[in-house]
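Please keep the sequence and the model at hand while reading.

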Amino acid sequence: MSKLTVFDHPLIQHKLTIIRDKRVGTKEFREIVDEIASLMAYEVTRDLPTMDVEVETPVAKTTKKTLAGKKLAIVPILRAGLGMVDGIMKLIPAARIGHIGMYRDEKSLEPVEYFVKLPEDIDQREVLVVDPMLATGGSAIMAIDALKKRGAKTIKLITIVSAPIGVENVQAAHPDVDIFTAGLDDELNEEGYIVPGLGDAGDRLFGTR
């Protein structure tokens, strides 16, 4: 079974509470989602491999750690996932970016895939799938399916707010994919929104309704 990590860092929890507030406007919402993504990226990348290299400081030569060159890819689930990309890229500027487009059918609430564009060497990269919301898990499962179909082997899912049923569904479908989230909320309502949640992340990021 995959591992679920719920971040309890005070800065992450403080910022998450801010964006839950319905009075927060698009600009501030977008900026704070970016900040939360950066903070989460520290923990998500904790297990990246390192190697020893020799470096000469102004004082002496020494041997210290550097990243061992593991290739990374960040794959947002469109469109809301785009709001998390820049925050992670600040820490991992060499990562490649892929895109998976999904929309939710308003009647069935099921995800529909409409676009997939990934780095050619996706099979050689550790993939970070990002989407602010993990509700039923349908979009995340379909996105991970699309990645595995194209050869991706090491995948992590990063979300800001998750519902328990979404976590359970992703773990059941993809037990090899670890899940990282800033908030594990109570449930889904009849419309498929996370409760208490933060509303529609895509609308709040891009100022649409």
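Axes here are lines fitted to C-alpha atoms, for helices over the stretch in contact, and angles run from 0 to 180 degrees between N-to-C directions. Helices (H or I, at least four residues) and strands (E, at least two) are DSSP runs numbered from the N terminus. The model is a predicted one, in which local features need pLDDT of at least 70 and side-chain atom pairs count only at pLDDT 80 or more, while totals for chains, interfaces and linings use all residues. Residues are numbered from 1 along each chain as its sequence is written, and side-chain values use heavy atoms, with hydrogens and water left out.

| Helix pair | Crossing angle | Axis distance |
|---|---|---|
| Helix 4 (residues 138–149) and helix 5 (residues 164–173) | about 25 degrees | 9 Å |
| Helix 1 (residues 10–20) and helix 2 (residues 26–44) | roughly 155 degrees | within 10 Å |

Because of its angle, helix 1 is roughly antiparallel to helix 2, where angles under 35 degrees count as roughly parallel, over 145 as roughly antiparallel, 65 to 115 as roughly perpendicular and the rest as oblique. In their contact (heavy atoms within 4.5 Å), Leu11, Ile12, Lys15, Leu16, Ile18 and Ile19 of helix 1 meet residues of helix 2 that include Phe29, Ile32, Val33, Ile36 and Leu39. By class, this contact holds 11 nonpolar, no polar and 3 charged residues, with Ala, Val, Leu, Ile, Met, Phe, Trp, Tyr, Cys and Pro taken as nonpolar, Asp, Glu, Lys and Arg as charged, and the others, Gly among them, as polar.

Helix 4, by its angle, is roughly parallel to helix 5. Here Ala140, Ile141 and Ile144 from helix 4 meet Asn169, Val170 and Ala173 from helix 5, a contact of 5 nonpolar, 1 polar and no charged residues.

An unreviewed UniProt entry places a "binding site" feature at Ile194, Gly199, Asp200 and Ala201; such annotations may be inferred rather than shown by experiment. Ile194, Gly199, Asp200 and Ala201 are included in the lining of the largest pocket, a pocket being, on a 1 Å grid over the protein atoms alone, an open set of points where a 1.4 Å probe fits, with protein on both sides within 12 Å along at least five of seven lines, and lining residues having an atom within 4 Å of a point. Ile194 itself belongs to strand 13 (residues 194–195). Arg79, among the positions of another "binding site" feature in the unreviewed UniProt entry, also contributes to that lining and lies in the loop between strand 4 (72–78) and helix 3 (82–89).
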